[in-house]
Amino acid sequence: MYIFKQEHYYADGAGYIEFRLKTIRASDKSTTKKRKRVSLKPRCSASVHSDTTEEKFSDEILEKVEWMKYHPPTKDNKVQHRQYFTDTYAYRRHTLLKTNPSITDMLNTYPRILDMPQLVNSEFEQLFPKKGSTFLSRWSPYFADRILHVARARNDALLNDILKQFKDGNKDLCAVIALLYMLPTTDYKKKGKSNISASRANALSYLIQFESTGCDVDAFAASKPAVYVQPMILALGNKLCPAEYFVLCDHCIIPANSTIVEAVDKLFKISYLFNVHFAKPLDVFFAFITVGIYDLPRDTTLRPSVSAMIAAISIMLLLMV
């Protein structure tokens with residue numbers, strides 16, 4: 001059984017006033033160092049324009065944001081939480097575009113994302129209507145077997161080793177790793193800055209961190225190496241067939257259910273919810289998922305050689321019976 005210490009706000013008996021004082025201290029720029037946020041070009045839907053002004057949001061919208069923040073979910077109010085989260089969508093996208101908050105800032109304002117992770121799906125559906133179930137419905141029945149078929153056909157020593165390791169393991173996880181290893185990586189070296197290794201093996205560490213069952217997930221998130229800035233997956237259990245998944249966002253934990261398919265889907269959607277880049281070593285991997293599976297537009301242009309490789313794999317997958 002894993003150790004998961006995360007609790008509802010002010011549920012430790014300290015009371016509302018003490019909680020508010022702690023919140024004020026935490027947001028005080030003079031006492032805390034704000035974590036740098038790596039943002040994307042705007043991913044908001046066309047219904048949320050960049051010239052939206054703060055005055056256009058009614059007091060009712062701001063009151064709903066505050067209500068969600070200070071009312072932990074219960075059996076009786078979950079429907080209200082979901083409705084209020086939907087109602088405050090435009091205000092949330094406006095905040096992301098205008099003030100560029102960190103993930104931690106957003107989670108402090110919308111803590112229900114932590115204990116109601118289904119809200120991630122709700123936001124994605126509003127950004128991209130009818131796309132919310134695309135990855136979940138297509139990966140296992142369509143993509144996984146075809147990706148593994150392509151991997152076997154390559155007869156690459158490294159890919160063969162991965163396939164051998166997962167012979168009796170999790171097919172979906174094996175396909176995710178095989179896809180990551182088959183896609184090309186790009187050189188992100190920049191003069192005067194620390195280099196980020198874009199090797200296939202290293203790229204996997206930016207996607208998933210594996211830990212044994214019983215891992216203190218809160219402690220793991222708190223001590224996560226600084227190089228892992230972007231959201232990533234934490235898998236608990238047997239490395240070939242983990243039993244539980246979480247998404248790490250800054251030093252916070254969002255449950256991602258019990259399969260790698262749900263975890264990758266959650267990670268993908270979280271990047272859009274918080275308007276942040278994928279980790280650079282995973283750029284091509286998520287470009288494939290963005291274009292090849294979700295059929296969404298890319299935020300940036302890849303080099304022609306990389307785009308050609310993504311297209312080639314996509315064509316091979318489509319041609320397979």
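Predicted model: local features only at pLDDT ≥ 70, side-chain atom pairs only at ≥ 80, totals over all residues.
The core comes first. In soluble globular proteins, nonpolar side chains tend to be buried together. Here the largest nonpolar core has 97 residues. Trp-139, Leu-207, Ile-260, Phe-274 and Phe-286 are the residues with the most contacts inside this core. Among the contributing elements, helix H10, spanning residues 171–182, gives the most, with ten residues.

Leaving aside residues up to four places away in sequence, Trp-139 touches Ala-144, Ile-147, Asp-172, Ala-175, Val-176, Leu-179, Val-261 and Ile-293.

Lys-224 is buried but has no salt bridge. The nearest side chain of opposite charge belongs to Asp-250 and is 5.6 Å away, whereas a salt bridge requires a side-chain nitrogen of Lys or Arg within 4 Å of a carboxyl oxygen. What the side chain of Lys-224 does reach is the backbone oxygen of Asp-250, at 2.9 Å.

The cysteines remain. A search of the whole structure finds zero disulfides. Cys-252 is in no disulfide, and the nearest cysteine sulfur, that of Cys-249, is 7.5 Å away; a disulfide would need the two sulfur atoms within 2.5 Å. Cys-252 is buried, with a relative accessible area of 18%. Cys-174 is also buried, and its relative accessible area is 4%. Both values fall under the 20% cut-off for a buried residue.

Note on methods
Residues numbered from 1 in each chain as written. Heavy atoms only, no water. Buried < 20%, exposed > 50% of the residue type's maximum accessible area, 1.4 Å probe, protein only. Lys, Arg positive; Asp, Glu negative; His and termini not counted. Polar contact = N/O pair within 3.5 Å; in protein donor to acceptor, adjacent residues only side chain to side chain. Core = buried A, V, L, I, M, F, W, Y, C linked by side-chain atoms within 4.5 Å. Helix = DSSP H or I, 4+ residues; strand = E, 2+ residues; numbered from the N terminus. Contact = heavy atoms within 4.5 Å.
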